[in-house]
Amino acid sequence: MTTSPTPDPDATSRRPGAGREVWRRLSGRAARVFAGLHHTWRRSLQVRVVTITLVVSSLLVGGFAYLIAGNITSILLDNAKTDVRLRLTSGAEYAAKQFSLYSQPQEAQLQETIDGTVNYLAGGDPQQTSGVVVALTADSVGGMILPRSSPAVDFRPLISPELRTAVAGGNVANQIQTGRLTGDRNTKYLVYGSPVPTRFGQVELYYFVPLTLQDATASQARATVVATGVALVLLLGLLAALVTRLVVTPVRVAARTAQRLSAGLLDQRMAVNGEDDLALLAASFNQMATNLQRQILRLEEMSRLQRRFTSDVSHELRTPLTTVRMAADLIFAEREGFEPSVARSAELLQAELDRFEELLTDLLEISRFDAGFAVLDAEPTDLVPVVHRVVDRLSGLAERVGVEIELDLPATPVIAEIDPRRVERVLRNLVGNAVEHGEGRPVHITLGMDETAVAVTVRDHGVGLKPGEEKLVFNRFWRADPSRARQTGGTGLGLSISLEDARLHGGWLEAWGAPGQGAQFRLTLPARAGDRLITSPLRLVPADAALPFGASPAEDLLAIGPGPDGALTVGPATPPAAEQRAEVGS
């Protein structure tokens with residue numbers, strides 16, 4: 001029969017790396033606790049005030065307690081020294097009288113007189129149980145007189161050489177020593193020594209007074225002071241907590257009310273109690289909220305009326321525009337039979353009617369965006385044919401102005417969940433603007449993709465964007481050069497609508513430009529509808545962009561695009577291969 005070895009319970013603790021694992025766990029737990037405390041410290045004003053109050057009051061009370069306890073101990077010790085000094089002076093005078101009858105240390109009665117004197121001085125203590133020891137020594141007479149003490153104890157270990165030397169030199173001296181004389185445990189003694197001059201030489205008189213009572217009194221006083229200090233600190237902490245609660249609670253209520261107001265609950269108000277400063281704060285806050293509600297409602301109503309007016313006007317203009325269009329088409333078809341000036345007027349009328357129709361269409365689209373009625377009809381779409389359709393539609397304009405459109409498209413399909421109508425409109429606006437502002441130089445279109453996003457860049461080599469124009473490029477009805485004639489008869493709303501289309505997809509529409517270096521627009525869309533963009537497959541700053549003299553790659557090249565709140569943001573446009581984004585505009 002075989003038996004398996006008994007497992008060693010300490011084998012795990014002796015396993016290599018076990019100590020490091022335990023230390024790592026403890027460090028992780030300590031880090032989490034510290035992080036929680038740090039979070040509480042940063043988030044709670046009441047915790048900070050109470051903690052600071054406790055720390056400061058503890059330091060102050062501790063300092064005062066130390067001074068008070070030290071003073072009490074000093075007073076008790078001084079009283080004990082004064083009492084012992086008086087008794088020592090009286091005892092030295094009595095011993096001197098007793099020893100004045102003897103002139104030689106060898107006299108027979110001297111030792112008996114010494115014994116009787118010591119007993120008398122010890123018996124003169126009014127508290128017989130105080131533990132006071134009286135001793136006489138005569139080291140200066142050559143050891144012919146034996147030392148005596150009452151009660152009889154070995155007192156010499158408590159007399160230090162320094163004290164013995166000082167008393168032998170004729171001085172009254174004292175010191176505090178700890179030792180064992182009459183009891184079974186060590187006791188702290190106040191040792192006083194005084195010389196007693198006689199005709200046969202000098203005798204030393206010592207008093208050993210226990211400081212047990214003084215120590216007990218000082219300890220009790222220290223304990224009382226400490227207990228009082230702790231109670232005072234706790235009361236101060238409680239008072240600070242109550243006071244800060246009275247102040248912080250209305251502030252917290254105001255913060256919660258402000259959060260509800262910012263969330264759209266404009267009817268939220270604070271409760272006003274009393275007539276103090278906090279009540280005045282609550283009343284002022286409520287008045288501010290009422291004024292803000294009134295202004296917001298007024299602005300919302302004005303915005304609603306403006307959107308309604310734009311939409312109504314756009315719709316109402318449809319009917320007369322249709323009639324005018326029919327008449328204009330008839331006149332335009334018969335223009336060859338008119339005089340040259342009338343024929344030219346018919347052509348101008350036809351062109352302006354086309355632009356008017358585009359403007360009405362754009363206004364209706366903008367009104368839908370403003371009203372929040374725009375809906376994304378996303379479906380898996382290959383962007384390569386979309387780009388080709390845009391280029392085909394604008395090829396006539398490009399040939400007319402002498403601009404060559406260059407394409408850099410992947411050989412494989414680029415599939416993304418998009419609204420093809422809206423994306424085609426965005427690309428048509430971007431390419432049309434690039435052709436119009438290309439100054440006869442080529443326009444380069446690049447399409448790229450990665451696992452999460454697709455991107456299209458449109459690069460022109462025209463006059464570019466001047467400093468400050470990056471902030472205006474997506475504004476409605478803005479033109480870089482008002483005196484410049486439009487080749488396409490645009491409405492000034494194309495980039496604004498394009499930006500709204502990109503936001504509706506959850507994507508980015510960004511612009512980069514530099515004077516004399518042209519401009520580049522980048523449209524980035526998530527590959528799957530509803531995903532959040534983190535990176536873009538294509539960089540915003542073109543690789544052929546020249547840096548200003550003395551500038552680093554992150555300087556002087558500005559990019560503009562929608563920020564997290566939907567507003568346009570401008571900043572340095574660094575040219576990494578894949579631009580990282582910490583925040584993405586919706």
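Here's a quick tour of the ring contacts and salt bridges in this structure. Keep in mind that the model is predicted. A search of the whole structure turns up 15 salt bridges, and there are four aromatic pairs.

**Aromatic rings**

- Phe-474 and Phe-521 have ring centres 6.2 Å apart and planes at 85°, so they make an edge-to-face pair.
- That pair links distant parts of the chain: Phe-474 is in the loop between strand 10 and helix 11, while Phe-521 is in strand 12, 47 residues apart.
- Both Phe-474 and Phe-521 are buried.
- Over in another group, ring pairs link Phe-155, Tyr-206 and Phe-208 into a cluster.

**Arg-335 and its partners**

- Arg-335 lies over the face of Phe-332, at 3.9 Å from the ring centre.
- Arg-335 also meets Glu-347 in a salt bridge (3.5 Å, N to O).
- Glu-347 sits in helix 8 and Arg-335 in the loop between helix 7 and helix 8, so this bridge ties together parts twelve residues apart in sequence.
- Glu-347 is partly exposed at 32% relative accessible area, and Arg-335 is partly exposed at 24%.

**Other salt bridges**

- Asp-544 and Arg-459 meet at 3.2 Å, N to O.
- This pair links distant parts of the chain, with Asp-544 in the loop between strand 12 and strand 13 and Arg-459 in strand 10, 85 residues apart.
- Asp-544 is partly exposed at 48% relative accessibility, whereas Arg-459 is buried at 5%.
- Within helix 2, Arg-25 and Glu-21 are four residues apart, about one turn of the helix, and their side chains form a salt bridge (3.4 Å, N to O).

Methods:
Residues numbered from 1 in each chain as written. Predicted model: local features only at pLDDT ≥ 70, side-chain atom pairs only at ≥ 80, totals over all residues. Heavy atoms only, no water. Phe/Tyr/Trp six-rings, centres within 6.5 Å; stacked < 30°, edge-to-face > 60°. Helix = DSSP H or I, 4+ residues; strand = E, 2+ residues; numbered from the N terminus. Buried < 20%, exposed > 50% of the residue type's maximum accessible area, 1.4 Å probe, protein only. Lys NZ or Arg CZ within 6 Å of the ring centre and 35° of its normal. Salt bridge = Lys/Arg side-chain N within 4 Å of Asp/Glu carboxyl O.
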